Amino acid sequence: MICVRSNPSPAPQEDAWVTSYQRLVPHWHSVSLSHQHSSIPISISRVNQFDAARLDIELSAMLKEQLVKVFSLMKPGMLFQHEPELDAFLEFLIWRFSIWVDKPTPGIALMNLRYTDERAVALRGKVRTGLEGPGLTFAQKMWYCVAAVGGQYIWARLQSFSAFRRWGNSEQRPLARRAWGLMQRIEGLFKAASFGNLLIFLYTGRYRNLIERSLQARLVYESPNMNRAVSFEYMNRQLVWNEFSEMLLLLLPLLNSSTVKSFLHPFSKDKSSSSKEDDSICPICWASPTLVYLALPCRHRYCYYCLRTRCAAVPSFQCSRCSKPVVAMQRHGSDVEHKTQSQ
């Protein structure tokens with residue numbers, strides 16, 4: 001048997017660990033710094049952002065309703081003529097006491113959100129938590145007012161003026177016709193851009209509208225915690241009422257109003273009224289008939305339309321007064337009878 005003796009591996013030097021550590025420390029620092037300066041994307045709830053916009057619209061409508069009530073005693077139609085000015089004034093008030101003073105709008109505040117300058121946050125390049133970032137700059141606030149308040153007001157006034165002057169129907173004035181066409185193209189491009197921005201917002205969760213995207217004003221969380229301001233009891237009552245109202249909207253079209261009225265009328269009519277007064281009105285629509293027809297053989301008075309449609313819908317129709325089957329109908333003061341089966 002031949003034995004082969006392997007040479008033992010040489011022992012590491014005493015300073016090998018120190019050398020390896022010194023060689024790896026710069027790489028470790030570079031990796032840690034790259035992770036530290038990398039920007040982690042944050043996700044703001046898209047539902048909260050949409051709800052904030054909806055709440056702002058509803059609050060503005062409530063303010064407008066209260067302001068209209070204040071001027072209800074003035075000349076009728078005067079407030080309608082100045083509706084664009086009224087809307088611009090309300091939007092300016094909301095902007096003045098919210099965005100101008102570095103505060104969120106009422107709807108944005110209810111959703112625990114606020115505006116931040118996305119450009120300043122991008123330049124810092126730090127880890128994002130969704131809470132950091134400075135507010136809007138002076139230029140961003142002013143451009144927001146110009147676009148959201150002034151732009152909407154000018155466009156609304158231009159549309160009402162062009163509709164009043166009938167630019168679209170004016171064939172004698174080619175300049176007005178071209179201006180109307182240009183307005184339609186601008187409106188179409190704006191709607192297409194808004195739709196594209198909506199798709200991008202649903203994908204990325206940033207910038208609800210074109211104004212926010214052009215100004216790079218992003219909505220972020222205002223505080224890490226948000227308390228529920230609505231109790232569960234109120235929410236349950238609201239859900240029950242919504243379901244009840246939807247059930248009523250479903251059932252009401254199925255009910256025959258004339259049948260219900262005929263059923264309830266005997267309980268509501270005056271017992272002291274004479275039979276002559278009862279016979280002078282139609283028992284279906286409870287109105288004085290203009291074209292009087294008689295139901296045979298009981299000869300009670302009906303409206304022609306009420307009696308004919310009822311006999312056509314129900315072949316075995318019974319008189320609403322005496323419950324006798326109606327076999328024919330006759331015009332009042334005529335001797336010609338009409339069979340209900342042929343109607």
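**Exercise 1. Find which residues form one aromatic cluster.**

Solution. Phe92, Trp95, Trp100 and Phe138 make up one aromatic cluster. The model is predicted: local features need pLDDT of at least 70, side-chain atom pairs pLDDT 80 or more, while totals for chains, interfaces and linings use all residues. Residues are numbered from 1 along each chain as its sequence is written, and side-chain values use heavy atoms, without hydrogens and water.

Next, apply the ring test. Rings of Phe, Tyr and Trp (its six-membered ring) pair if their centres lie within 6.5 Å; planes under 30 degrees apart are stacked, over 60 edge-to-face, the rest tilted. The whole structure holds eight aromatic pairs. Trp95 and Trp100 form a tilted one, 5.4 Å centre to centre with 40° between the planes.

**Exercise 2. Decide whether Trp95 and Trp100 are buried or partly exposed.**

Solution. Take the cut-offs: buried is under 20% relative accessible area, exposed over 50%, partly exposed in between (1.4 Å probe, protein chains only). Trp95 has 7%, so Trp95 is buried. Trp100 has 28%, so Trp100 is partly exposed.

**Exercise 3. Identify the charged residues that lie over the rings of Phe97 and Trp100.**

Solution. The test needs NZ of Lys or CZ of Arg within 6 Å of the ring centre and within 35 degrees of the ring normal. For Phe97, the charged end of Arg96 sits 5.5 Å from the ring centre. For Trp100, Lys141 lies over the face, 6.0 Å from the ring centre.

**Exercise 4. List what Ile99 touches.**

Solution. Contact means heavy atoms within 4.5 Å. Leave out residues up to four places away in sequence; Ile99 then touches Ile94, Thr105, Tyr115, Leu136, Lys141 and Tyr144.
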